[in-house]
Amino acid sequence: MKVDQGCIACAGSDTAVHTEDDWLVVSRAEDRLSHLHIKQQLNEAVAARRQECAALTAELIAFPTVNPPGEGYREICEFLKRRLAARDFTVELLRAHGARGDSDRHPRWNLVARRDGASSGECVHFNSHTDVVAAGEGWSVDPFVATITEDRVYGRGACDMKGGLATSIIAAEVFIDTVPDYVGAIEISATCDEESGGFGGVAWLAEQNRFAPSRVQHVIIPEPLNKNRICLGHRGVLWSEIETHGHIAHGSMPFLGDCAIRHMGAIVDALEQQLWPALQQRHTAMPVVPESARRASLNINSIHGGLEEASADYTGLPSALVPDRCRMVLDRRFAVEESLDDVRAEIEQLLDGVRAERPGLTCTHRELFSVVPTLTDKSAPVVRAVAAAVEEQFGAPPEYVVSPGTYDQKHIDRIGRLRNCIAYGPGELDLAHQPDEWVGIDDMVDAAQVMARALLALLAPN
Ligand SMILES: [Zn+2]
């Protein structure tokens, strides 16, 4: 066997170190080396597009896609369509006709773009929501004219999550340019209504089988969970409405009526005395962040009783009435250790207890919305691919977290039945929905490099 200086195993050696039988080992070593080289190319290509990533984020922020009511969905989808079609994506604009929230005045438009590789294989799907919450007060810059500084992009949605959307587009484009003969497909979706439950967005797409196993195998949602964290899922939620009924009468003779607000007061008292202390003791093993959310929780979302609140320009006094109706919305959050049925039953039992103490109380309990907790397994392929890329990028394994609130993963899991799904994206969650929201440009570059390398692991394995 001759020494082959062109061979990785023999180079620099006086004696031949490989035989024909060793050829496989040598070729694997070459594959690894070429992968290393490609990773470096991906990193450099992403870094070279740092300013472009910031500029794309700014362009997306300029669409004031405020939800509710759901403005500008078509316009932002048209913009993304022009960009992605120019990169040989097959782009569809899809309106969620008839979905909750959809109307001719505020149509629910979504975009799905797909680019197939050189041969068929698995599909990696990036899903971002295009809607943002209202700007609110307290901004020092225009929320819909993005301000780009040396290291940040400011604007409504910069962090949640137009920065994440731009990051995934840059990552996908760089990957396609660098590894044009990849195996499988890349999909990018831009969907509406995440901030109001996602029914006209991801839920609707999932109902149209857009996340069917034959189409999509891996999903990454670039929500702002921080560039070194992988979010595996979220807690469950039960939103429900309790309504107490009384009897209307003149306020000067309350004994002739029955005050619905006093009945509600008794229910609030029972929540305070019984449910809150019990929930405080209910800890979860799910790695929810922040840590204070690693237990069951309850929020009273609203209470309305008596007369409608008068408009600001009304200068008269209210009328004297005993309120005959009071409504309260509860927001109960729970982890995998509790079942949705148990959560429902617990509130029903509490109401039974109050009814027993207050003869004559009539109240109803109506569910508004519920989602069971979601938790992707750490051994799932998309988790492993992103975790390896994070570790290479930052020299430490990712922190695995669970979100206290739900996001669109719930629909991909529950309707799409796709469990190989995570949230991973740049930005700090605490900044979401705040005035002067921003995303770090270096964070976007880091996250795009991680995403590009995750694509390499999933679509060009050696
Ligand atoms: Zn978001």
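At what angle do the axes of helix α2 (residues 50-61) and helix α4 (residues 158-178) cross, and within what distance do they come?

## Packing of α2 and α4

The model is predicted. In it, the axes of α2 and α4 cross at roughly 130 degrees and come within 9 Å. Angles over 145 degrees count as roughly antiparallel and those of 65 to 115 as roughly perpendicular, with the rest oblique; α2 is therefore oblique to α4. The crossing in which α2 passes α4 is right-handed.

## Residues at the helix contact

On the α2 side, the contact is made by E52, C53, L56, T57, L60 and I61. Their counterparts in α4 are A158, K162, G163, L165, A166, T167, I169 and I170. By class, the residues of this contact of α2 with α4 comprise 9 nonpolar, 3 polar and 2 charged.

## Domain layout

The domain assignment divides the chain into domain 1, given as 45-234 + 373-459, and domain 2, given as 236-371. Taken over C-alpha atoms, the centres of domain 1 and domain 2 are separated by 36 Å.

## Contact between the domains

Domain 1 contributes 9 residues to the contact, and domain 2 contributes 13 residues. On the side of domain 1 that touches domain 2, strand β14 (residues 399-403) gives the most, with 3 residues.

What classes of residue does that side of domain 1 have? The side of domain 1 that touches domain 2 has 6 nonpolar residues, 2 polar and 1 charged.

Conventions. Residues are numbered from 1 along each chain as its sequence is written. This is a predicted model: local features need pLDDT of at least 70, side-chain atom pairs count only at pLDDT 80 or more; totals for chains, interfaces and linings use all residues. Axes are lines fitted to C-alpha atoms, for helices over the stretch in contact, and angles run from 0 to 180 degrees between N-to-C directions. Helices (H or I, at least four residues) and strands (E, at least two) are DSSP runs, numbered from the N terminus. Angles under 35 degrees count as roughly parallel, over 145 as roughly antiparallel, 65 to 115 as roughly perpendicular and the rest as oblique. A crossing is left-handed if the near helix is turned anticlockwise from the far one by less than a right angle, and right-handed if clockwise. Two residues are in contact if their C-beta atoms, placed from the backbone, lie within 7 Å. Ala, Val, Leu, Ile, Met, Phe, Trp, Tyr, Cys and Pro count as nonpolar, Asp, Glu, Lys and Arg as charged, and the others, Gly among them, as polar. Domain bounds come from an automatic or database domain assignment.
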